[in-house]
Amino acid sequence: MSASAVFVLDLKGKVLICRNYKGDVDMSEIDHFFTLLVQQEEEGLLCPVMSHGNVHFLWIKHSNLYLVATTNKNSNASLVYAFLYKLVEVFTEYFKELEEESIQDNFVVVYELLDELMDFGFPQTTDSKILQEYITQQGNKLEVAKTKVPTTVTNAVSWRSEGIRYKKNEVFIDVIESINVLVMCVCVCVNANGSVMSSDIVGSIKLKTMLSGMPELRLGLNDRMLFALTGRDKGKAVTMEDVKFHQCVRLSRFESDRTISFIPPDGESELMSYRINTHVKPLIWIESVIEKFSHSRVEIMVKAKGQFKKQSVANNVEIRVPVPSDADSPKFKTSTGHAKYVPEKNLVVWSIKSFPGGKEFLMRAHFGLPSVENHEMEGRPPITVKFEIPYFTVSGIQVRYMKIIEKSGYQALPWVRYITQSGGERRFA
């Protein structure tokens with residue numbers, strides 16, 4: 001079982017819009033939600049599931065809204081939460097920003113979406129591209145669309161319409177990896193050394209498909225299990241964990257022979273995501289030295305070194321260095337890029353547009369401090385690094401081939417791009 005009803009409330013607990021799917025829970029029960037929420041906030045025991053009698057409230061907060069599902073059954077909580085987050089995603093794709101004003105300005109469309117996204121408490125069509133075929137933001141078009149049901153709703157391949165035509169057939173494949181690294185330093189004042197406490201790689205393969213007809217695609221990766229099955233365990237292969245696919249992928253085929261076979265959605269989509277649990281050294285190594293002088297000033301030296309191959313370049317690097325909340329009179333000196341003080345976040349942001357591999361750069365910051373002793377630096381937040389490296393993956397994953405099969409036999413061009421991003425490179429001092 002899933003939700004009995006779904007409500008969208010403002011920050012004061014006022015219902016902006018709701019949809020009753022099953023009729024087995026009194027709609028007035030929502031009046032108890034905000035009271036329970038305030039009570040739990042005061043007690044410091046905020047819980048994602050709250051109950052009043054035999055009615056359960058499953059809720060999330062987004063911007064200045066609460067999205068709440070009610071049920072009086074032992075429902076599948078993860079399914080309900082997945083639906084609520086999908087609701088946010090669909091509304092955001094329709095209205096760009098999901099907030100109280102966008103709900104009020106698009107009341108009719110929101111109600112139409114609530115009606116199509118779930119039926120009798122069970123999620124139905126949740127793909128915004130399909131929904132946009134027959135639920136538009138112009139009220140006069142809503143009535144016209146109802147006269148003809150799109151083929152995507154009744155078609156066995158519900159994520160793709162029939163009759164798609166392109167003058168030039170192309171597929172763009174983006175392999176995007178994010179690196180999460182936690183580095184613990186030896187001490188606060190001088191930390192020339194540090195050790196990696198945890199690291200992993202989170203990746204995704206995204207498609208932009210511009211293909212005519214109803215093509216079948218087969219994607220080959222340097223998957224270690226595939227090489228083992230085919231007896232070609234040669235060269236560099238990767239072991240992927242927590243693999244998740246778009247609904248278009250034939251899971252039975254992948255489980256039997258590791259072939260990624262699918263009829264793709266039109267346009268942009270995420271084909272799959274994965275995780276690789278492996279030791280990864282920080283691609284941009286950070287060393288920092290912090291010196292405090294008689295509680296009157298603090299000097300921070302940050303050294304950044306690119307630990308990736310020299311032919312690669314990290315773009316739009318941002319190194320965020322926390323500083324005491326009472327710091328003032330900032331002065332900076334950098335060997336490249338520029339630094340700025342962001343007082344509302346108690347940060348120094350050092351920006352480097354282009355950071356070649358193997359290079360090393362320095363940034364020095366000087367701040368005045370009040371005469372009163374401050375121990376805040378002992379528990380300061382970590383230094384974080386943001387960057388993007390094109391044409392490079394840490395895991396070594398490769399697209400070995402992309403076959404495109406379509407009955408008309410047209411020629412299509414696949415394009416592959418590799419990108420490595422910072423997921424959460426953090427250095428604790």
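The largest pocket in this predicted model comes out at about 560 Å³. A pocket here is an open set of points on a 1 Å grid over the protein atoms alone, where a 1.4 Å probe fits, with protein on both sides within 12 Å along at least five of seven lines; lining residues have an atom within 4 Å of a point. Twenty residues line the pocket, and K86, E89, D127, S128 and H246 sit closest to its centre. By type, the lining splits into four nonpolar, 10 polar and six charged residues. Two or more lining residues come from each of α2 (77-95), α5 (128-134), α7 (151-154) and β14 (267-276), with helices (H or I, at least four residues) and strands (E, at least two) taken as DSSP runs.

On to the sheet. Three strands form an open, antiparallel sheet in the order β13-β11-β23, where pairing takes at least two DSSP bridges. β13 (260-262) and β23 (399-405) are the edge strands with a single partner each, so one side of each has no neighbour in the sheet. Between β11 (residues 216-221) and β13 there are three bridges, and R218 faces S261 of β13.

Residues are numbered from 1 along each chain as its sequence is written, and side-chain values use heavy atoms, without hydrogens or water. Local features need pLDDT of at least 70 and side-chain atom pairs 80 or more, while totals for chains, interfaces and linings use all residues.

Definitions and conventions:
Grid points are joined across faces, edges and corners, and a volume is the space filled by probe spheres set on the points. Ala, Val, Leu, Ile, Met, Phe, Trp, Tyr, Cys and Pro count as nonpolar, Asp, Glu, Lys and Arg as charged, and the others, Gly among them, as polar.
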